[in-house]
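Here are my notes on this one, as numbered points. Have the model open while you read.

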Amino acid sequence: MAILDLDNHSSAPPCHSHAPPAAEQQQQQQQHLHQDHQFEADTEEEEERLLLLKGVRHLCERRTILKLPARYVLPPSDRPAPRDQTPRTTGSLLPVIDLARLRAPAERAAALADLDAACRDCGFFQVVGHGLDGGGGGGMLDVARRFFDLPFHERARYMSPDIRAPVRYGTSFNQLNDGVLCWRDFLKLVCDSDLDAVVPTWPDQPIDLREVVSAYARSCRRLFRELMEAALEALGISPGAAGEVLAGCDAGSQMLMVNCFPACPEPDLTLGMPPHSDYGFLTVLLQDQVNGLEVRHADRWLLVEPLPGALVVNVGDHFEMYSNGRYKSVLHRVRVNSARSRISVASLHSLPPERVIGPAPELVDDEKNPRRYMDTDFATFLEYLSSAEGKHKSFLQTRRLITR
Ligand SMILES: O=C(O)CCC(=O)C(=O)O
């Protein structure tokens with residue numbers, strides 16, 4: 001869940017609804033670096049620590065790294081298995097959902113059954129026929145790559161110690177809790193149903209970033225809406241109740257996590273992202289052709305082979321709770337490699353942050369389907385993130401009433 005900082009994943013757009021007006025936010029962002037002297041060090045040790053806080057890209061730009069710094073080295077039990085021993089998702093392991101079939105009246109029932117099976121068995125699927133601009137987000141990946149290629153001082157304008165900042169450049173997973181750092185830098189962009197209000201606070205370099213990313217965010221929101229409508233139908237939710245959830249989706253939260261995983265000198269000792277599940281209803285993931293995403297399935301890690309033009313979609317914690325456990329929010333992680341840098345963009349979607357989420361009443365009955373989860377809200381999630389429990393990266397576990 002992308003639990004991470006509120007950033008990462010995790011989630012529901014942090015406190016977006018309480019964000020200060022755009023100009024004020026921009027001013028605040030620019031003040032962060034100058035104000036708090038967060039990068040000034042008195043000792044060599046401190047200098048080293050601060051260097052790592054500036055992110056993996058900066059580290060690789062400043063030094064030739066032949067050996068992984070100790071802060072990134074995972075204990076042996078948490079390391080990824082060597083690549084040649086990791087099973088890959090080919091064929092039916094990661095189901096492919098064709099939106100064209102969902103849209104064709106004669107094929108919809110069969111496509112809904114496939115979607116239902118994917119959400120129950122795997123929690124992950126790939127979507128083709130989505131019609132997103134650029135054949136699946138090519139423009140988005142390109143502008144993301146150019147953003148991470150900017151000189152550090154440009155990226156650093158968006159660094160902030162405030163994990164709730166709606167625009168934030170950062171590194172690792174959850175800087176608050178990570179004992180071992182992750183080999184990842186990210187740009188978090190909280191989106192809103194009123195996107196026009198937030199776009200002026202986003203980075204102004206590269207010059208086309210705001211235009212390309214906002215178009216991509218809108219496409220993801222439409223795709224999320226369409227998939228939710230289909231999944232609610234597949235679950236058998238009545239039109240009235242489904243309509244209420246869909247209205248919540250329209251006004252709901254969206255967060256883009258733009259991830260960069262630079263090439264890593266010792267990739268088998270670390271991870272780009274540790275095992276986590278996502279906080280919202282659905283996540284739409286765009287990745288370049290460099291693999292790295294691994295999904296937990298049948299007690300092993302499967303490496304997801306990118307399918308050209310496809311988007312990867314996964315069920316998040318909220319959907320598992322809402323479906324009373326029928327749909328699965330599955331652990332996933334990202335491994336890195338020594339040859340190529342990888343870019344991915346996760347779009348995390350949920351209902352508005354103030355909404356309480358719990359099992360749909362029509363999916364609960366005392367005999368066969370007892371309620372499996374407590375109700376939850378965003379405030380509870382924030383508490384979890386800052387607690388010791390937040391180290392385990394599975395908020396969902398803390399909401400379970402029945403563990404089976
Ligand atoms: O990069 C990926 O493949 C996954 C990213 C992810 O899990 C996240 O941003 O939450």
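1. Which residue of β10 does Val295 stand opposite? Leu302 is the residue across from Val295. Before going further, note that this is a predicted model, where local features need pLDDT of at least 70, side-chain atom pairs count only at pLDDT 80 or more, and totals for chains, interfaces and linings use all residues. Residues are numbered from 1 along each chain as its sequence is written.

2. The overall picture: the chain holds 13 helices and 13 strands. These are DSSP runs numbered from the N terminus, with helices being H or I of at least four residues and strands E of at least two. Of the 404 residues in the chain, 46% are buried (20 or more other C-beta atoms within 10 Å of the residue's own; exposed is 12 or fewer, partly exposed is in between, and C-beta atoms are placed from the backbone). Take the contacts (C-beta atoms, placed from the backbone, within 7 Å) between residues at least 6 apart in sequence: 79% of them join residues at least 24 apart.

3. Back to β9, residues 293–297. Four of its five residues are buried, so this strand is mostly covered. On one hand β9 runs antiparallel to β10 (residues 300–304), with four bridges; on the other, three bridges tie β9 to β12 (residues 332–334), again antiparallel. Glu294 faces Arg333 in β12. The β9–β10 hairpin has two residues between the strands, and Ala298 there has a positive phi near 50 degrees.

4. Zooming out, β9 belongs to an open five-strand sheet with mixed pairing, in the order β1-β10-β9-β12-β7 (two strands pair if DSSP finds at least two bridges between them). β1 (88–89) and β7 (273–276) are the edges with a single partner strand each, so one side of each has no neighbour in the sheet. β7 and β12 are antiparallel and share two bridges, and Met273 has Val334 of β12 as its bridge partner.

5. The other sheet to look at has eight strands, is open and mixed, and reads β2-β3-β11-β8-β13-β6-β5-β4. β2 (96–98) and β4 (167–171) are its edge strands, each pairing on one side only. On average, neighbouring strands here are turned by 25 degrees against each other, direction ignored. β2 pairs with β3 (residues 124–128) in the parallel sense over three bridges, and Asp98 has Val128 of β3 as its bridge partner.

6. Now α9. This helix lies across β5 (185–191), β6 (253–261), β8 (282–287), β11 (311–315) and β13 (342–350), at about 135 degrees to β8. Angles run from 0 to 180 degrees between N-to-C directions, and axes are lines fitted to C-alpha atoms, for helices over the stretch in contact. α5 (residues 105–121) packs on α9 at about 85 degrees with the axes 9 Å apart, and the two are therefore roughly perpendicular (65 to 115 degrees; under 35 is roughly parallel, over 145 roughly antiparallel, the rest oblique). Leu112, Leu115, Asp116 and Cys119 of α5 meet Ala230, Ala231, Glu233 and Ala234 of α9.

7. The largest nonpolar core has 93 residues, and Met140, Val213, Met228, Leu256 and Leu282 touch the most other members. A nonpolar core here is a set of buried Ala, Val, Leu, Ile, Met, Phe, Trp, Tyr and Cys residues joined through C-beta atoms within 7 Å. α9 (residues 209–235) gives the most to this core, 14 residues. Neighbours within four places in sequence aside, Val213 contacts Met140, Val143, Leu189, Trp202 and Leu256.

8. Helix α2 (residues 44–53) has zero of its ten residues buried, so it lies largely in the open. In α12 (residues 378–386), Phe378, Phe381, Tyr384 and Leu385 are buried. They fall within an arc of 115 degrees seen down the axis, so they line one face of the helix (the arc is that of the directions from the helix axis to the C-beta atoms). Those residues pack against α13 (395–399), while Ala379 and Glu383 are exposed on the other side of α12.

Methods
Contact = placed C-beta atoms within 7 Å.
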